[in-house]
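Welcome! Here is a short tour of one structure, written for someone meeting it for the first time.

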Amino acid sequence: MTLKIDGESVTAPTGTSILEAARAAGIAVPTICWDPRIEPIGSCRLCLVEIQGYDELVTACQTEAKEGMWVTTHNAELDAYRRTELGWYAEHASAEDLIAHPDKELHRLMAHFGIEPAGCASPAKAIDASMPQIRVDMAKCIDCLRCVQICEEVQGASVWHEVGRGDESRIVPKHGDLLSEGACVACGACTDTCPTTALTDAGAMPSDSWTRTTCPYCGVGCELDIGVAGDRIVAARPARDAPVNKGHACSKGRYAFGFTHSGDRQTQPLVRKGRAWEPASWDEALDHCAAQLAEVIGRHGPDAIGVLASSRSTNEDSYVAQKFARLTIGTNNVDCCARVCHTPTAAAMKAILGAGAATNSFDDIERASTILVAGANPSECHPVVGARIRRHVVANGAKLIVLDPRAQALSEIASVHLALKPGTDIPLFNALAHHIIASDLADKDFIAARLDEFDAFAAHVAQFPPDRVADICELDAADIRRAAEIYAGGGPAYAAHGLGLTEHVQGTEAVMGLVNLALVTGNVGGPGRGVNPLRGQNNVQGTAHMGCDPGILTGAVALEEAKGDFERAWGAELPKAPGRHLMKMIDAAAAGELKALVVIGYDILASLADEYETAKALEELDCVIVIDLFMTRTAHEYGHVLLPAASSFEKEGTFMNAERRIQRVRKVTQAPGAARADWDIICALARRMGCETGFDFPDPQAIWDEIRAVWPAAGGIAYSRLEAGGIQWPCRGESDPGTEVLHASEFGHGPRARLRPIHYHPTTERTDADYPFLMSTGRNLYQFNVATMSGRSANALMRPTDTLDLAPADAARLALTDGELAQVESRYGSAILPVAIDERVVEGRAFATFHDTERAINRVTGPHRDRMVGAPEYKVTAVRIRPV
C-alpha cells in the first residue's frame, strides 16, 4: 500500500496507521499520548494531520493509512496549533526538568518548537517517594493517560487510574494515596512511557550514551538499553523492538543494576595466607593457582579436581570453562547450577523428545488458546512472561490452568487452580492423562502418526483415576477432571513449567509426566502448543548446553557419542573416566576423594540444600579457587584464592534464553580495577598449566566461532547476524532464520516419540507430630537467587530479607504475628525468619524465600535428591515452627 506524505511516496503494510507509516519513512510527527506498546487514543491532538478530500483534521495515530492518500503532516496552521497545545503542556515543566530529563518527550518537543518552560513548582504533597525505584510528582502530570494504559495493557496490573472529569480529572494510584500501597510491581513501564517528569526513575541521571545488551537476571532474556554517564550505569530501559520483551521489563532488569558499582566489588586478586587475605598481582595469583592445581593432579590425579561454571556467565565463558576442565585439568568433573534446577527438565525432554530445550517461542503464548502453568510463579520469577500470560488471558479470553501449592497472581484469573500437595505432581499428571483418555479427548491422529506405546501408557494411567488421586494430592477430583478437559479440549495448549516441578526426588520424572500429557493431546510441534521450561538464571540453558555437565559436550550431545568429533576438533584426547556432577563432587569432597574445586560465579555454600553438609565437604578441600564479582560466602569461609571477575555489563559475548534464543551481550562500561572476563581468566590459567594452544582466543567472537564449528545447530548464528537481534537454534546456515517451534515434523531423535509410564515413588520426607508443616522454598519478585546482585541494588529496599509465609490460621495457632521472628527447624537444621501471614498459603504448609544468606534457609532443607540426575529436593521439607 502506497500513499503520499508531505509529498513523499511512502509504502507501508496494510493496517498501518498514518503515524506509523510516517515515522517508518523518517517523517517526524509530534505526539505526547502515543506509545507503540499501547492502543492509540489521540487525546493530545498533536498528531493532527490534513488528508486531501477530508473535511476535518484527523489524528495520525488513530487513522489507518490507505492506498493513494495524500497526507500533510506539517504546515503553518498545524504547527501553530501544536505550539499552542505545547504551551499549555509547558505549564507543567520547569527548567530543572529539562536539564535532568532531556529525553522526556515533552521536553524534546518544547526544544524543537522553541517553547520555554513555565517553571512549574511542585508542592511537597504532590511528591510520592514511597517506592525506592519510582518518583511520583503529579504536579507535572498532563493527563495523557499513558501510565494508565501501559500499566493495564502491558503489565496487566492496573495500578493507575483517572478520577474526576474535565479540568478536574487527575491520575492517582488505584489503591491508597501512595504508589507503594497498591499493586505496583516496580516494572518501570509507567516511568518509561511518561512524557513528562510526573513519573521518573528515582535517582535517574542524564546518560552520555546508551548500549543495547541482555539482562543479567532470569532466563526470559529481556533486551535492555543501558544508559551510562562517566563510565557508570545510571539507567536501564527495555528495548522497544526486542522480540522477547517487546519494550517491557521487570523490577530487576529495570532497577537492579546497582551491583555493578557496589563498593564491595572485588577489584584485585586475593590469596589467602593463613587466616588473612592478601592482595596479589594477576601473575602471582595465577601462578599460585596453577601450582596448587598441578600439585593436586600430581598427587591425586586429575579427577581429584572439579570445575563449576556459572549460569550467569556468557556462552563463551562457559565453553572455555568446560574445555579447561577436560583438556587442561584432564577431567569430566564439570558442572554448573543447572544441576539443581534445569538438569531434570533437560534430561526428561531429551529422553522423550530428543531435545532438552523449550519446544516453542514466547510468542506462542499469544497463539495458545489454553495455557498450563505448572510449578512456576512467572508473575514473580519471570515477570515479563507472567505479564504476557496475564494479558493474553484477560484481554483475549485464553483459558488458564495453574498447578501450584500456593495461590499466586495468575491463579486469581485462572479457570482452574490446582493447589496440590508438594511432591505429588506425578500422580496428578497421570490422573489428568487418565481422564483425557477415558473421556475420548486424546488426539488420536497425532498418537497414530507420531507416538509409540500408547496402549501401555493408557493402561498405566488407568491406575490413577481422579477420585483416587484427589486424596494423594489433597485436591477436589472435580477440579482435576475440569483441568483435564480444558487442557485437552481448548485448542492449542502452551505449557510452561518451573522449579516447582523439578526440585523433587522425582523431578525428572515429573517433567516426563508433563511431556506425556502434551503428547497425548497433540500439544507438541505447532504454534501455541508445546512444553516450555521457564529457566531460572539468565544463561542456565546456555551454560549447560555449552557442555558444563559431566555427561555432555557442547550442543548437549552425549559425551560418549561425540567424543571422537571433539577430539578431532580440539586436537587432543578427552578424559576417559566418567565425570562427577555437582552433588557427587560434594560427596567426593566429604569423602576425601575430591581435593580441589574451581568455582566460577556460583556461591554453592549459600545455594545448595542441606548447607551443613556442604560446609563439611568444603572444609575437606585442599584448594578452592573462586572467580566472582564479590567475596561470596563460599570464598569467605572456604576459599583459598579469589579472582575478580567482570560482570556481564563489562564484557562481550552471548546468552541463550529459555526459548533457545542466542542474544548478544555487549560491553557497557569498564570492569573495575583489575577485574577480567571469566574466559580471559580461565585461558590465562590454562596457558600457565601448559595448554598454549586451544586457549589463545583473542576475543569472545573467536570463541563463539569455535562453538559454531563444533555445534552445527548454531552454525548459522554469526555475531554479525546477531546485531539485528537474537536467533533461535537450530540455525544451521547463514540464510536460516532460526527455528521458532521444535518437533513440527519429527522429534530430535527421529519421527516417533515413546510415551513413558511414570510410577509414583513419593519422597521419604514426611510430616509427623514433631515436624507437622510441609515447607517449600522459592524466589520473590524483587530479589534473585541468593541476592549476590539484586541484594546490592535499590530492590533490596523492597525485599530486605526473607520471610516464612504462613496461613493465617496456622500463625494464630502458633501465636505468631506478622513480622515476628520464628524459628523453623527440620531434621537437618534450623533458621530464624520473620513471619509473613499470607492467605495464599494452605494450612499445614509453609513457604520461605532463600535470598538472604544471613537467614540461610538452606540450613533447613534436606539431603534428598532427584533419583535420575541428583538435583536436590528444595520443595518438600518437614519442619516445626515456633516463636523465637
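Arg481 sits in helix α17, which spans residues 477-489; helices here are DSSP runs of H or I with at least four residues, numbered from the N terminus. The model is a predicted one, where local features need pLDDT of at least 70, side-chain atom pairs count only at pLDDT 80 or more, and totals for chains, interfaces and linings use all residues. Residues are numbered from 1 along each chain as its sequence is written, and side-chain values use heavy atoms, with hydrogens and water left out.

Is Arg481 buried, exposed or partly exposed? Arg481 is partly exposed, at a relative accessible area of 27% (buried is under 20%, exposed over 50%, partly exposed in between, with a 1.4 Å probe and protein chains only). Leaving aside residues up to four places away in sequence, Arg481 touches His435, Pro466 and Asp467, where contact means heavy atoms within 4.5 Å. Ile436 is 45 residues from Arg481 along the chain, and their C-alpha atoms are separated by 8.3 Å.

## Helices α13 and α19

Ile436 also takes part in the contact between α13 and α19. These two helices pack at about 15° with their axes 8 Å apart; axes are lines fitted to C-alpha atoms over the stretch in contact, and angles run from 0 to 180 degrees between N-to-C directions. The helices α13 and α19 are therefore roughly parallel, a label for angles under 35 degrees.

From α13, the contact residues are Asp425, Ile426, Phe429, Leu432, Ala433, Ile436 and Ile437, and from α19 they are Glu509, Ala510, Gly513, Leu514, Leu517 and Val520. By class, there are ten nonpolar, one polar and two charged residues (Ala, Val, Leu, Ile, Met, Phe, Trp, Tyr, Cys and Pro count as nonpolar, Asp, Glu, Lys and Arg as charged, the others, Gly among them, as polar).

## The buried face of α15

Which residues of α15 (454-461) are buried? They are Phe457, Ala458, His460 and Val461. Seen down the axis of α15, these residues fall within an arc of 160°, so they line one face of the helix; the arc is that of the directions from the helix axis to the C-beta atoms. The buried residues pack against α13 (425-438) and α19 (507-520).

## Helices α9 and α26

Elsewhere, the axes of α9 (residues 315-329) and α26 (residues 678-688) come within 8 Å and cross at roughly 20°. The helices α9 and α26 are therefore roughly parallel to each other. Their contact has eight nonpolar, one polar and three charged residues.

Note on methods:
Angles under 35 degrees count as roughly parallel, over 145 as roughly antiparallel, 65 to 115 as roughly perpendicular and the rest as oblique.
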